[in-house]
Amino acid sequence: MTISAHLAQVRDGIALAARAAGRDPSSVTLLAVSKTFGPEAVIEAADAGQREFGENYVQEALEKIAAVKARRPDLDLIWHFIGPLQSNKTRPVAEQVDWVHSVDRLKIAQRLSEQRPLHLPPLNICVQVNVSGEASKSGVPPDALLVLAAQVAVLPRLRLRGLMAIPEPVEDPALQRQPFAKLCQLQQRLREAGIHTDTLSMGMSADMSAAIAEGATIVRIGTAIFGKRDYEQ
Ligand SMILES: *Cc1c(COP(=O)(O)O)cnc(C)c1O
């Protein structure tokens, strides 16, 4: 199947899950996660109507963004950085992408804010939360979220948009929903504390429907669009 056919299938899946949850399908944004796939795959997806792309690795992201721009300056794409970010790599990210989903400490947020060029709009930020406890290393612990979110929200060149999570993979759809429900509750708690956000970045190829049922506004889909990844390449 082509990328275009896979995209159509994923969009149908989003619409189905949204309607089942009583939600408008347009309230869920599809982020195509293109890591390990080349610029030609991004261009193929873009020509099939896909506009938002997610990348995990800084070097790969920078090369791909430049390659796509060089080949197709007509495409107006929105790039999201969704992978772990070290503080010595924040500058090119602040300069080249529109969103960062993986902020889990203040130092990274401060650097992104300082390094965001003035001619660009504020960088959209999601704070990554560890909703799976000890099983996961990245993400701020839920009990430290409020403090970090309040600090990020006042940084001048950032715009705090919401929360992101990567729960431990489980197959049972009922169990899949629990960490997503938790992220949604945490967003509600922020709201009660006066910190308003509009984004829940949650759900991947294997648990997209569960995430949409619990309120995902961005689903991050790689495999179901581009196929299995080959990390050897
Ligand atoms: C790779 C990745 C995805 C996409 O995962 P699939 O299972 O291929 O859909 C989503 N989010 C993050 C943070 C990822 O690293």
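**Figure 1. Salt bridge between Arg72 and Asp47.** In this predicted model, the side chains of Arg72 and Asp47 form a salt bridge, with their closest N and O atoms 3.0 Å apart. Arg72 belongs to the loop between H3 and E3, while Asp47 belongs to helix H2, so the pair ties together parts that are 25 residues apart in sequence. Arg72 has a relative accessible area of 22% and is therefore partly exposed. The salt bridges here extend to a network that links Asp47, Arg72 and Asp74. The count for the model comes to 8 salt bridges.

**Figure 2. Salt bridge between Asp76 and Arg51.** The side chains of Asp76 and Arg51 meet at 3.0 Å, N to O. This pair links distant parts of the chain, 25 residues apart: Asp76 sits in the loop between H3 and E3, and Arg51 in the loop between H2 and E2. Arg51 counts as partly exposed, because its relative accessibility is 39%.

**Figure 3. Salt bridge between Glu55 and Lys64.** The closest N and O atoms of Glu55 and Lys64 are 2.7 Å apart, and the two residues form a salt bridge. Both Glu55 and Lys64 are buried.

Figure 4. Helix H2 spans residues 39–47, and its buried residues are Pro39, Ala41, Val42, Ile43, Ala45 and Ala46. What do the buried residues of H2 pack against? They pack against helices H1 (3–20), H3 (58–71) and H9 (223–226), and against strands E2 (52–55) and E3 (78–81). Gly49 follows H2 and has a positive phi, near 100°. Thr36 is placed in the loop between strand E1 (29–33) and H2. Most residues other than glycine have a negative phi. Thr36 is not a glycine, yet its phi is positive, at about 75°.

Figure 5. Which residues are around the ligand? They are Val33, Lys35, Asn56, Ile82, Ile166, Met204, Ser205, Arg220, Ile221, Gly222, Thr223 and Arg229. A polar side-chain atom of Asn56 is 2.7 Å from an oxygen atom of the ligand. For Thr223, a polar side-chain atom lies 2.5 Å from a ligand oxygen atom. Gly222 takes part through its backbone, where an N or O atom is 2.8 Å from an oxygen atom of the ligand. On its own the ligand has 390 Å² of accessible area, and the protein covers 90% of this.

**Figure 6. Asp207, a buried residue without a salt bridge.** Asp207 is located in the loop between strand E7 (199–201) and helix H8 (208–213). Although buried, Asp207 has no salt bridge. Which side chain of opposite charge is nearest to Asp207? That side chain belongs to Arg220, at a distance of 6.9 Å. Arg220 is also among the residues around the ligand. The side chain of Asp207 does reach the backbone nitrogen of Met204, at 2.6 Å. Apart from its neighbours within four places in sequence, Asp207 is in contact with Gln176 and Phe180.

**Figure 7. Gly215 and Arg23.** Gly215 is in the loop between H8 and strand E8 (218–221). How many residues separate Gly215 and Arg23 in sequence? The separation is 192 residues, while the C-alpha atoms of Gly215 and Arg23 are 8.6 Å apart in space. With neighbours within four places in sequence left aside, Gly215 is in contact with Arg23, Leu200 and Met202.

**Figure 8. Gln128 in strand E5.** Strand E5 covers residues 123–128 and includes Gln128. Gln128 counts as buried, because its relative accessibility is 5%, and under 20% is the range for a buried residue. Beyond its neighbours within four places in sequence, Gln128 is in contact with His101, Ser102, Val103, Asp104, Ser138, Gly139, Val140, Met164 and Ile166. One of these, Ile166, is also among the residues around the ligand.

**Figure 9. Packing of helix H5.** Helix H5 runs over residues 106–115, with Ile108, Ala109, Leu112, Ser113 and Gln115 as its buried residues. These buried residues pack against helices H4 (90–96) and H6 (145–153). They also pack against strands E4 (99–103), E5 and E6 (158–164).

Notes. Residues numbered from 1 in each chain as written. Predicted model: local features only at pLDDT ≥ 70, side-chain atom pairs only at ≥ 80, totals over all residues. Heavy atoms only, no water. Helix = DSSP H or I, 4+ residues; strand = E, 2+ residues; numbered from the N terminus. Buried < 20%, exposed > 50% of the residue type's maximum accessible area, 1.4 Å probe, protein only. Lys, Arg positive; Asp, Glu negative; His and termini not counted. Salt bridge = Lys/Arg side-chain N within 4 Å of Asp/Glu carboxyl O. Polar contact = N/O pair within 3.5 Å; in protein donor to acceptor, adjacent residues only side chain to side chain. Contact = heavy atoms within 4.5 Å. Near = heavy atom within 4 Å. Areas by Shrake-Rupley, 256 points an atom, 1.4 Å probe, with all protein chains shown as cover.
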